[in-house]
Amino acid sequence: MQILVVEDDRVLIEGITTALEQEDWIVQQAVTGEDAWFLGSTGDFDAVVLDLSLPELDGMEILKRWRQEDVTTPVLILTARSGWLDRVNGINQGADDYLAKPFRMEELIARLRAIMRRSRGHSKELIKCQQVEINLLDKSTKVNGRFVELGPLEWRALSHLMINAGKAIPSYELIDHVYGPHSERNANAIEALIKRLRKKLDAPLIHTRRGAGYIVRNEGDANP
Amino acid sequence: MNNIKRRASIKRRLLLSTTLILAVMLFAGGWALTHLFESHVERRVEKELHVHLNRLISTAHFLKDGSVTSKLTDMAVRFQTPYSGLYWQISERGGKTLTSASLWDAKLELPEERINDREVLEYKVRGPAGRPLIVVRRQLTRQIAGKIHFYEFAVGLDHTEVSSARKEFSKELAIGMTGLAVALILLLGAQITFGLAPLRHLIPAVNAISSGKAKRFSDDYPVEIAPLVEKLNSLLEQQEIVMERSRARAASLAHGLKTPIAGISLEIQKLHQTDNEAARNIDEMVARMNRQVERELIRTRIRGTTHGIKRKNLVAPLARDIIRTLMRQPRGEEITWTMSIAEDMAVIMDTDDLAEILGNLLDNARKWAHSKVHIEVRQHDQMVTMIICDDGRGLRPEQLGQIQDRGLRFDDHNEGSGLGVAIVHDIVTGYGGEFQAFQSELGGLGIRLILPSS
């Protein structure tokens, strides 16, 4: 999962990045309002952690612009402004949650999981496609009820495909979500990764759609 | 509030000083008028006496033996009535003295004095029964049968007639003057009341400002007070600017501190993984620092009746927005939120303050509720009652009275700084409202707020 963290305090952004990376999430940082707006408008993120007091462009203005541009990425506002009217305004402007500083990292991660889950339309942390079931909370994978051990890269690829089940994911998007946006890897690396994943799962879950990418189909879906 | 020693009112001062001035002026005026009247009467009397004197002389008949008679007695009845107050006397030097019948057996005792013919002298002497008299006197020299005779003619009038006229005049004048004084004082009282009315209007204006209903004095004051009102408005503006700057600086400082505190907090969380005692201590200190910062931030946020912009705030939409915000927080979606608030229900207070009240109480209910939170707002008379309750485990009766104590937490397992309820208590009491904690019908804690609706 790819998260955009927008925060102008170096210590804080590094602390958040480290904690989120420990969750096997790909983190992109933005320390100015303009950078944040650009990345959020052009990148493909599963969630955004957004500080409000930013140089160049205020966080609330960025959020407003994203929503006007139909960027639907779930946004968690992380700010020192803890007034209730600020929180209500944040939610009314299109934020999905609001966390006041200082905060506990577990709470930030739990809130991020919650907003991503809500945005995907899943009510729980469990996602099941055909005989494969993944748990986003403990990052476990079961095939026909049996646990399968996956490496971090394999987990990232599988979770992204299953979260977006029914939708073809192009290789470049998978590269971003698995290796990070600044990675030098190419489609061959993804192809090799998918091959490993298919072998571990030993189930006809991931399909290749020529020219479009990879797709996980739910039961009952029409053939790609 | 300082106890200001109330000095005599301006109205009383003006009335008292005006009454004194009026009394002195009317007394002096009365005295002067009486004096003028008396002088006038005396002049009239003297003129009359002169007329009588001239008539006495003109009617005098000198006999060959030098004696003299007068026919004036035939013409003036008062000269014939004993002690009538009007007298005449003709006396020949070294000879007889002829008097009016009114003098009866008395004589006019005039000072021995040599006077020239045609010279008329006036005296104030004692007459019959020792009564004061005004007397005019003239000497006439006649040569009769080769002998020079000196005759003195005198006419006198009882001065008490002048005195009684003066007394009567004074009495009538005093009544007139008193009436005038009363009328003038009443008119002045009305004038002062009317004149001081703009000053009196300042009191409700100051009350409106101190209660937060108004921010400035209106510009509808007379030119004498307008500069003072302008100065006061300018002072209020300056005070507001200073307050706003101070609040902004405090808020900025508090916000500025929260980010580094968040950074330190994250570092401590890393240290916690090694079960470091020092980390626990630092964590506790950071939590205290954060509570302090949060408290200062709250102080800057609470606007209250003095600095807040009181406006009509609809409760239902704001409560809905806050519940929507809370539903995104942990367990927020699992709770059944119910509202019993009329759509047009409004309270007049600062929007920030209302948001803090609703936010803190609903958030507190969210943390403790098992599955239900209910908010109810209703109006009765001039008060608005707001009740927020949950179905959590509530508090023990002895804890209910302590719930508003700042920073007090009855359970450390739940999130929060322990300031939320204390903030609500401060805001509500700041608006002159009441705060009550009770065991709710849902089973958990209930908070009842009674707020003035205007």
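Buried residues account for 42% of the 224 residues in chain A. Keep in mind that this is a predicted model.

**Nonpolar cores**

- The largest nonpolar core has 92 residues, and the ones touching the most other members are A:Ile3, A:Leu50, A:Leu76 and B:Leu362.
- Helix H8 of chain B (residues 351-368) gives the most to this core, putting in 7 residues.
- Setting aside neighbours within four places in sequence, A:Ile3 has contacts that include A:Leu20, A:Trp25, A:Val27, A:Phe45 and A:Leu112.
- Another core of 23 residues lies apart from that one, with A:Ala157, A:Leu161, A:Ile163 and A:Leu174 among its members.
- As a rule, nonpolar side chains in soluble globular proteins tend to be buried together.

**The chain B sheet**

- Chain B has an open sheet of 5 strands, paired antiparallel in the order E4-E3-E7-E6-E5.
- Strands E4 (97-99) and E5 (120-126) of chain B sit at the edges with a single partner strand each, so one side of each has no neighbour in the sheet.
- From one strand to the next, the twist averages 25°.
- E5(B) pairs with strand E6 of chain B (residues 132-144) through 7 bridges, in the antiparallel sense.
- Across from B:Leu121 you'll find B:Arg137, in E6(B).

**The helix across it**

- Helix H1 of chain B (residues 10-58) lies across E3 (86-92), E5, E6 and E7 (147-158) of chain B, and runs at about 25° to E6(B).

Terms used
Residues are numbered from 1 along each chain as its sequence is written. Chains are lettered from A and ligands numbered from 1 in the order in which they are written. This is a predicted model: local features need pLDDT of at least 70, side-chain atom pairs count only at pLDDT 80 or more; totals for chains, interfaces and linings use all residues. A nonpolar core is a set of buried Ala, Val, Leu, Ile, Met, Phe, Trp, Tyr and Cys residues joined through C-beta atoms within 7 Å. A residue is buried if 20 or more other C-beta atoms lie within 10 Å of its own, exposed if 12 or fewer, and partly exposed in between; C-beta atoms are placed from the backbone. Helices (H or I, at least four residues) and strands (E, at least two) are DSSP runs, numbered from the N terminus. Two residues are in contact if their C-beta atoms, placed from the backbone, lie within 7 Å. Two strands pair if DSSP finds at least two bridges between them. Axes are lines fitted to C-alpha atoms, for helices over the stretch in contact, and angles run from 0 to 180 degrees between N-to-C directions.
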